[in-house]
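Thanks for coming. I will go through one model today, starting with its overall layout and then turning to particular residues.

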Amino acid sequence: MASYLIYVAAAIVILLLALILRDRSVYLDLGSEGTVLISYRYSISGKPDAIRKKGRSYIPVELKSVLCRGEAREWDVAQVLAYCLIIEDVIGPVSHGEIIYANGIFSVPWDERNRAYILEIISRMRNGENRMTLETWKCIHCPYRVDCGR
């Protein structure tokens, strides 16, 4: 198990360094260093692991210490789309988001379809209708846990 964790940590560090060297990183949160970004327009906040800038667009990056199984997990996609919404509102234009798993990188386009998708999820969460995560331990600090029933 320890060798697996070392592999995962090494893979994440290597991928992150490659991304930072490839493009300019404008924000990096490795622990408690980052700042919580707040969108008052949408009444949501978040703290992405990194924000890169390519050209005039910003790219939120989320690091996951798990292996993916062919495609990005739905709740990870929703998380990076929420970051896209926040960043677009408070910083500037967003082209896409990235989810980096221990064994791969997924690009999530920021387009009208995905904007509508994340706005619908946010609406459902506020109404207690949507449970994005199957991992109930993540619900401990969620501001919607009372409405969700978990």
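I will take the chain as a whole, then the strands, the core, the salt bridges and the surface.

First, what we are looking at. This is a predicted model, in which local features need pLDDT of at least 70 and side-chain atom pairs count only at pLDDT 80 or more, while totals for chains, interfaces and linings use all residues. Residues are numbered from 1 along each chain as its sequence is written, and side-chain values use heavy atoms, with hydrogens and water left out.

The protein chain holds 4 helices and 7 strands. Helices (H or I, at least four residues) and strands (E, at least two) are DSSP runs, numbered from the N terminus. Along the sequence the pattern reads α-β-β-β-β-β-α-β-β-α-α. The chain has 150 residues, and 41% of them count as buried. Buried means under 20% relative accessible area, exposed means over 50%, and partly exposed is in between, with a 1.4 Å probe and protein chains only. The accessible surface comes to about 8800 Å², and carbon and sulfur atoms account for 57% of that. Those areas come from the Shrake-Rupley method with a 1.4 Å probe, and for residues only the protein chains shown count as cover. On contacts, meaning heavy atoms within 4.5 Å: of those between residues at least 6 apart in sequence, 58% join residues at least 24 apart.

Now the strands. Two strands pair if DSSP finds at least two bridges between them. E6, residues 96-101, and E7, residues 104-109, run antiparallel and are joined by 6 bridges. The hairpin between E6 and E7 has 2 residues, and His96 has Pro109 in E7 as its bridge partner. E4 and E5 also run antiparallel, with 5 bridges. In the hairpin of E4 and E5, again with 2 residues between the strands, Gly55 has a positive phi near 65°. Ser43 has a positive phi too, near 55°, and is a residue other than glycine. Ser43 sits in the loop between E2 and strand E3 (44-46).

Next, the core. A nonpolar core here is a set of buried Ala, Val, Leu, Ile, Met, Phe, Trp, Tyr and Cys residues joined through side-chain atoms within 4.5 Å. The largest one has 26 residues, and those with the most contacts inside it are Leu85, Ile87, Ile99, Trp110 and Ile118. Two or more residues come from each of helix H2 (74-90), E6 and helix H3 (112-126). H2 gives the most, with 10 residues. What does Ile87 touch, leaving out residues up to four places away in sequence? The list is Leu37, Pro48, Ile51, Tyr58, Pro60, Gly92 and Val94. As background, nonpolar side chains tend to be buried together in soluble globular proteins.

On to charge. How many salt bridges does the structure hold? There are 7, where a salt bridge is a side-chain nitrogen of Lys or Arg within 4 Å of a carboxyl oxygen of Asp or Glu.

One of them joins Arg52 and Glu98, with the closest N and O atoms 2.8 Å apart. Arg52 is in strand E4 (residues 50-54) and Glu98 is in strand E6, so the pair ties together parts that are 46 residues apart in sequence. Are these two buried or exposed? Arg52 counts as buried because its relative accessibility is 2%, and Glu98 is buried at 6%. Arg52 also stands opposite Ile59 in E5.

Another joins Asp76 and Lys64, with the closest N and O atoms 3.6 Å apart. Asp76 lies in helix H2 and Lys64 in the loop between strand E5 (57-63) and H2, so this pair ties together parts 12 residues apart in sequence. Asp76 and Lys64 are both buried. They belong to a network of salt bridges that links Glu62, Lys64, Arg73 and Asp76.

A further one joins Arg115 and Glu112, the closest N and O atoms being 3.7 Å apart. These two are 3 residues apart in helix H3, so about one helical turn separates them. Here Arg115 counts as buried at 17% relative accessibility, whereas Glu112 counts as exposed at 59%.

Last, the surface. Val36, Ile38 and Tyr40 make a nonpolar surface patch of about 340 Å². Patches are made of residues with over 30% relative accessible area and no salt bridge, with like charges joined within 9 Å and nonpolar side chains (Val, Leu, Ile, Met, Phe, Trp, Tyr) within 5 Å. Val36 lies in the loop between strand E1 (24-28) and strand E2 (37-39), and is partly exposed, with a relative accessible area of 45%.
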